[in-house]
Amino acid sequence: MRHPREGGDPESFEQTSLGSRFRGNDDEVTAPNVPPLTTPPADAAFDETGVKRELTGIAWKIVAGAALTFSTYQLFIAAFSPLSSLVTRSLHVGFLLLLSFLIYPVSSKANRHKIVWYDAALAMLGFALAFYHWVFEADLIQRSGDPTVADLVIGSIVIVMVFEAARRVLGLALPIVCAVFLAYGVFGQYLPSAIAHRGYGFDQIVGQLYLGSEGIYGIPTLVSATYIFLFILFGSFLEHAGMIALFNNIALGFVGHARGGPAKVAVISSGMMGMISGSGVANVLTVGQFTIPLMKRFGYSPIFAGAVEATSSMGGQIMPPVMGAVAFIMAETLNVPYVTIVKAAVIPAILYYLTAFCMVHLEAGRKGLHGLPKADCPNPWRAIREKWYLMLPLAVLVFMLFDGFTPMFSGIVGLALTAMLILGVGIASGFGSMLFRIVFWVILGLATASFFKYGIWPLISMIAVLIGVNFVIRGGRHTLAIMRGSMIDGAKQAITVGIACAIVGVIIGVLTLTGAASNFAGFVLDIGSKSLFLSLFLTMAVCLVLGMGIPTIPNYIITSAIAAPALLTLKVPLIVSHMFVFYFGIMADLTPPVALAAFAAASIAKASPMRIGWKATHIAIAGFVIPYMAVYDPALMLQGGTLLDTAYVVFKAIIAIVLWGAASIGYLRAPLNWPERIVATAAAFLLVVAIPWTDEVGFALSAAIVAWHWFRSRPRVNAAA
């Protein structure tokens, strides 16, 4: 999940993949050849967040040092857990404030090439106040519920600083939403009785938001300080090691030559990238640098190329095993193992990418777009053979998650293995004999396996030895620069998620204090007593409207806190109701006016972000049926029913997606006329709504429209052949 780096300090690291750097005496480990492309760089100032400084020299080193310290602190916490939970969260938010004020200027008009004195002061103040919970931990516990003036002053300052950091990092929308909830907590007693509360004092509100674990240090911040940061680092390490090139070459080799091949490469590459990265915008900025110019080169319009990449990249948040941050928050909120969330997400994630794949295939057919020449496509098996070792940490991570290990434990092991691979490849490539290389990796593997018996220390010792060796061997310092760059990038990428989790705690704290969520839940229940579909539609609308202004994480937290309990009362399974909210929170990131993924794609495609956003929504439209099908048939998320039930609902979903996509694009085997598109839409709708006889009628209509279209299009297809 790496974004373009700010600044150009000549002493800073080069972000070069291992596959293109390390060479041995017998053979060389290089990326397979790909077609030459002129890739326009993304706007360096663009991010899924606010305007960022472009620093050099001492200023850049200060930021890099702070980020490196942040990553080191998080790794220490993950390995040893030496501090209490609330102190861990407080220091995590302190590091986030430190980096936010150092990296993000007060406005877009401010000087982006230096750190002004007042931002440096705010950064140091935010970091210093984070130690308040640690220094006065015992006192705060003893006077719980009876805060002092100092507690209230410090708490008020920290809350204001979190709001300001969120404004800089995430824009105005989310702070405004949180400010509305905060105002409700302060003045809600003066509102009409239907939505009023009994009234709360200033000390109660500050205590709720700052002194306890229900506000800015709530469950979202806990998850950000533990699971999320580890998996962000995991993805950053794999990207620096060359995983993006591997994914691109595999996708190019398998589908690059097919009809609409470049767009299918984008879908598959982004799907595979989603397995290690939970950030849709970061996926656009990495994979999209290759796929968007490739699509434009082979006939896709800049708008469609950007929309395909935006749609495909946003699916990374629901693609196991490393889903978006929301999945970890969901697991913690529902108090279920992370693997339970993964199992529920697997089929919807595959169907999401099937939707994108189907849409680009149909669009290519409508426009007559062909793939790359077979000779220009790399050999995917060669790519796998040369970089298979990059898949080992991902394979171990998947095994450990499904074997019952916690995400924290699995993440630290996966991260350690990735670090050892990066450090070990440079050493092994220096051996002249293949036998020596094999012996080296066997010894390293045995040492790593001792982790399961002796704990974390064997891994730490082995990594320390490998770092020491890289200090003295030829090319080793470049390897260490890659490691350092991974940790710096990982810390910077965590700012967005962490600040969002912290400020959304304001909403959670107010809802918990006032019980306001029950009002909306009652409204949804009242509608649901008449129609479950209307309740689902209302929940979807809330997700989409909120998502126009705020990212997926706060969108999910707000909507799940308000609507998910009501859906549970309406007999919707708990995980299904939360996944329903999560899924449409992702869809919201594609919908203008605030379509973050579309803005990222626009910086590469050089096209209107609004038009890309609307086109991305059009491409993803067939995927809107998936959450509804999961509610009516929970077997789609492996929540009840037999494997036969799951297979049946997946079969229905595939037919519905294809028909909906064909009706949306206006093409199946040949162009569809309007009566065919209307019938296809009706058939898809009937397959989604699980009430008596709709499946039978839906299948009949599906068969009829496909047969009729095939018969009608034969002359045109034969003439084209």
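Visitor: In which helix is the place of Ser486?
Guide: This is a predicted model, in which local features need pLDDT of at least 70 and side-chain atom pairs count only at pLDDT 80 or more, whereas totals for chains, interfaces and linings use all residues. Residues are numbered from 1 along each chain as its sequence is written, and side-chain values use heavy atoms, with hydrogens and water left out. Helices are DSSP runs of H or I with at least four residues, numbered from the N terminus. Ser486 is placed in helix α22 (residues 476-514).

Visitor: Is Ser486 buried or exposed?
Guide: A residue is buried under 20% relative accessible area, exposed over 50%, and partly exposed in between (1.4 Å probe, protein chains only). Ser486 has a relative accessible area of 0%, and therefore counts as buried.

Visitor: Which backbone oxygen lies 2.9 Å from a polar atom of the side chain of Ser486?
Guide: Contact means heavy atoms within 4.5 Å; leaving aside neighbours within four places in sequence, Ser486 is in contact with Leu233, Ser236, Phe237 and His240. The backbone oxygen at 2.9 Å from its side-chain polar atom belongs to Ile482.

Visitor: How many residues of α11 are buried?
Guide: Helix α11 (residues 261-274) reaches 20 Å from its first C-alpha to its last, close to the 20 Å expected at 1.5 Å a residue. That expected span is 1.5 Å times one less than the number of residues. The helix is mostly covered, the buried residues being 13 of its 14.

Visitor: How far apart in space are Arg259 and Glu363, C-alpha to C-alpha?
Guide: Arg259 is found in the loop between α10 (243-255) and α11, and is partly exposed at 30% relative accessibility. Its contacts beyond four places in sequence include His361, Ala364 and Tyr667. Arg259 and Glu363 are 104 residues apart in sequence, and their C-alpha separation is 9.9 Å.

Visitor: Which helix gives the most to the nonpolar patch?
Guide: Leu125, Val149, Val153 and Ile157 make a nonpolar surface patch of about 320 Å². Val149 is exposed, with a relative accessible area of 64%. With three residues, the leading contributor is helix α6 (residues 149-170).

Visitor: What is the phi of Lys606?
Guide: Most residues other than glycine have a negative phi. Lys606, which is exposed with a relative accessible area of 55%, is placed in the loop between α28 (596-605) and α29 (609-620). Although Lys606 is not a glycine, its phi is positive, at about 60 degrees.

Terms used:
Patches are made of residues with over 30% relative accessible area and no salt bridge: like charges are joined within 9 Å, nonpolar side chains (Val, Leu, Ile, Met, Phe, Trp, Tyr) within 5 Å. Accessible areas come from the Shrake-Rupley method with a 1.4 Å probe; for residues, only the protein chains shown count as cover. A salt bridge is a side-chain nitrogen of Lys or Arg within 4 Å of a carboxyl oxygen of Asp or Glu. Helices (H or I, at least four residues) and strands (E, at least two) are DSSP runs, numbered from the N terminus. A polar contact is a pair of N or O atoms within 3.5 Å; within protein, one must be able to donate a hydrogen and the other to accept it, and residues adjacent in sequence count only if both atoms are side-chain atoms.
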